[in-house]
Amino acid sequence: MKNKKKNLKIDKKRAILLDEDAPFAVRESFGLLRTNIIYTRTDGSGAPVFGITSAEEGAGKSTIIANLGLSFAQIEKKVLIIDADMRCPRQYDFFGYPKENVGLSEILVGMVKDKSDAIFKTSNKYLDVISSGHLPPNPSELILSSRFEELINELKTEYDFIFIDFPPVGVVADALSVVSIMSGYIFVIRANVSDYVRVTEIIENFEKVNANISGIVLSDVNLKDGIFASKYKRNGYGRYGKYGKYSKYSNYNKQKKS
């Protein structure tokens, strides 16, 4: 089950990622978010661990986390992104590895003994990624397992920052189930799409379990020049994104009910 150690080339034709060509306003926004995260209090037991989630599908959380990881890597912080969305993963879209390559699910079920075999090196030497792995039948159980907490504690000694891409908490509660091992959460809200009442209810649920919400990000904002917004639209972040009526989340929920 070993993966070959190689640098993964970021395919910019597949996704819009942060670089020196990105509009100034976009780079500044991620720089501000990065600064806020750096100054978030942690328990001092290693790298801070942040979960990124949203209220609904298609909010752009996976795009945010990919760019946030790159933003930290650009200041030479050693960063790990974990795609813990084991129902509808997206990080492979940004970093170019096969969708169901060896990753998190294989680590958690014990199919990969050495976690380094499931860590992919991107073209930025400061940024690594652990894919979701093959999609398991029991993703929530794997996230709740003691092995997940053990894995995170091990990785905290090896990186400066860890970002975890969770499923939308308004669809499944994976992100809420591991509050005790998270330094904080970043909540992504999509402009003109996210429902205010629903978002408020979810944030209140986080507060009830003493979760630390480190920041709220408004995504898919139409910048005045329209250039960056139009690129996002072509890549699935316009009005009709990747997620929809027939998404894997919808299929998963139907299976549970049946």
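Are tyrosine 97 and phenylalanine 120 buried or exposed? Tyrosine 97 is buried, and so is phenylalanine 120; buried means under 20% relative accessible area, exposed over 50%, and partly exposed in between, with a 1.4 Å probe and protein chains only. The model is predicted, so local features need pLDDT of at least 70 and side-chain atom pairs count only at pLDDT 80 or more, while totals for chains, interfaces and linings use all residues. Residues are numbered from 1 along each chain as its sequence is written, and side-chain values use heavy atoms, with hydrogens and water left out. Helices (H or I, at least four residues) and strands (E, at least two) are DSSP runs, numbered from the N terminus.

**Helix H7**

- Helix H7 covers residues 196-208, which makes 13 residues. From first C-alpha to last it reaches 18 Å, close to the 18 Å expected at 1.5 Å a residue; the expected span is 1.5 Å times one less than the number of residues.
- Val199, Ile202, Ile203 and Phe206 are the buried residues of H7. They lie on the same side of H7 because they cover an arc of only 100° around the axis, the arc being that of the directions from the helix axis to the C-beta atoms.
- An α-helix has 3.6 residues a turn, so residues three or four places apart point the same way.
- Strand S2 (49-54), strand S7 (184-190) and strand S8 (213-219) are what the buried residues of H7 pack against, where contact means heavy atoms within 4.5 Å.
- At the start of H7, the backbone nitrogen of valine 197 has a side-chain oxygen of aspartate 195 within 3.3 Å. A polar contact is a pair of N or O atoms within 3.5 Å; within protein, one must be able to donate a hydrogen and the other to accept it, and residues adjacent in sequence count only if both atoms are side-chain atoms.

**Aromatic rings**

- Rings of Phe, Tyr and Trp (its six-membered ring) pair if their centres lie within 6.5 Å; planes under 30 degrees apart count as stacked, over 60 as edge-to-face and the rest as tilted. By this rule the count comes to seven aromatic pairs.
- Tyrosine 97 and phenylalanine 120 are stacked, at 5.2 Å centre to centre with 15° between the planes. This pair links distant parts of the chain, 23 residues apart: tyrosine 97 is in the loop between helix H3 (91-95) and helix H4 (104-108), and phenylalanine 120 is in strand S4 (residues 119-122).
- Tyrosine 185 and phenylalanine 206 form an edge-to-face pair, because their ring centres are 4.9 Å apart and their planes are at 65°. Tyrosine 185 lies in strand S7 and phenylalanine 206 in helix H7, so the pair ties together parts that are 21 residues apart in sequence.
- Tyrosine 185 is buried at a relative accessible area of 2%, and phenylalanine 206 is buried at 1%.
- One aromatic cluster is formed by Phe50, Phe72, Phe161 and Phe163.

**Loop residues**

- Isoleucine 181, in the loop between strand S6 (161-165) and S7, counts as buried at 12% relative accessibility. Leaving aside neighbours within four places in sequence, isoleucine 181 is in contact with Val49, Phe148, Glu149 and Ile152.
- Most residues other than glycine have a negative phi.
- Asparagine 192, in the loop between S7 and H7, has a positive phi of about 65° and is exposed at 85% relative accessibility.
- Asparagine 210, in the loop between H7 and S8, has a positive phi near 60° and is exposed at 68% relative accessibility.
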